[in-house]
Amino acid sequence: MGGLFMRKTYQKILALAGAGIMLMNSTVFAAEDTDMDLLAFTNQIQEDGTMLYNFEDVSLTIPAYWIGKVKVSIKDNSVIFYHKASQENWMKNYGFVEDGKLVTLLYSADRDFSDYDDLSYIGFSEDSAMNYVLIFPTDVQGYTDDKAVFDEFHELTSELEFVKEHACMLESEN
């Protein structure tokens, strides 16, 4: 009994130490040339292994399986989460830099999202007067010429509902 207790305690200490290191290494990213830095974010690994992204108005959580397999890119009024291996292979073999998209977080002052077929409305921020949505690609973005890369992409997309369910507006500090 004592050995099992000590092993579990040791495992918890290691997990907490690892989480502490990750928190110390959390990064702040910001969009360039914006009046309001709505897409600046911090990210940190949670106790359950998921990655929490906190933006100015929105919080987004990605599954633990995605960590190390996604690339985050800030463009204009959006943050795009790419499958890293798909994007790299599309670029290397075909010159397509925008393929491999998993999900896009977009903000807009209006609610005209009619250009997007598959989206999930997150909410409206009184502070920034912006609407936030998640946009999901309607075509296959995974790199199809390599089975292992495509299988990984498919595994990532199987968790898009998790991303949708764990996107929420942050409460105003006012």
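Where is the place of Thr 50?

Author: Thr 50 lies in the loop between β2 and β3; helices (H or I, at least four residues) and strands (E, at least two) are DSSP runs numbered from the N terminus. This is a predicted model, in which local features need pLDDT of at least 70 and side-chain atom pairs count only at pLDDT 80 or more, while totals for chains, interfaces and linings use all residues. Residues are numbered from 1 along each chain as its sequence is written, and side-chain values use heavy atoms, with hydrogens and water left out.

Thr 50 is buried, at 7% relative accessibility; buried means under 20% relative accessible area, exposed over 50% and partly exposed in between, with a 1.4 Å probe and protein chains only. Its side chain makes a polar contact of 2.6 Å with the side chain of Asp 48. Such a contact is a pair of N or O atoms within 3.5 Å; within protein, one must be able to donate a hydrogen and the other to accept it, and residues adjacent in sequence count only if both atoms are side-chain atoms. Leaving aside neighbours within four places in sequence, Thr 50 is in contact (heavy atoms within 4.5 Å) with Gln 44, Ile 45, Thr 61, Ile 62, Pro 63, Ala 64, Ile 67 and Phe 162.

Next, the nonpolar core. The largest one has 28 residues, and those touching the most other members are Tyr 53, Leu 60, Trp 66, Val 103, Leu 105, Tyr 132 and Leu 134. A core of this kind is a set of buried Ala, Val, Leu, Ile, Met, Phe, Trp, Tyr and Cys residues joined through side-chain atoms within 4.5 Å. β2 (41–45), β3 (51–54), β4 (58–62) and α4 (160–165) are among the elements that each supply at least two residues of this core. Its largest share, four residues, comes from β7. Leu 134, not counting residues up to four places away in sequence, touches residues including Leu 60, Val 103, Leu 105 and Val 163.

Tyr 53 also belongs to an aromatic cluster with Phe 41, Phe 55 and Phe 81. Rings of Phe, Tyr and Trp (its six-membered ring) pair if their centres lie within 6.5 Å; planes under 30 degrees apart count as stacked, over 60 as edge-to-face and the rest as tilted. By this rule there are ten aromatic pairs. One of them joins Trp 90 and Tyr 143, whose ring centres are 5.1 Å apart with planes at 85°, so the pair is edge-to-face.
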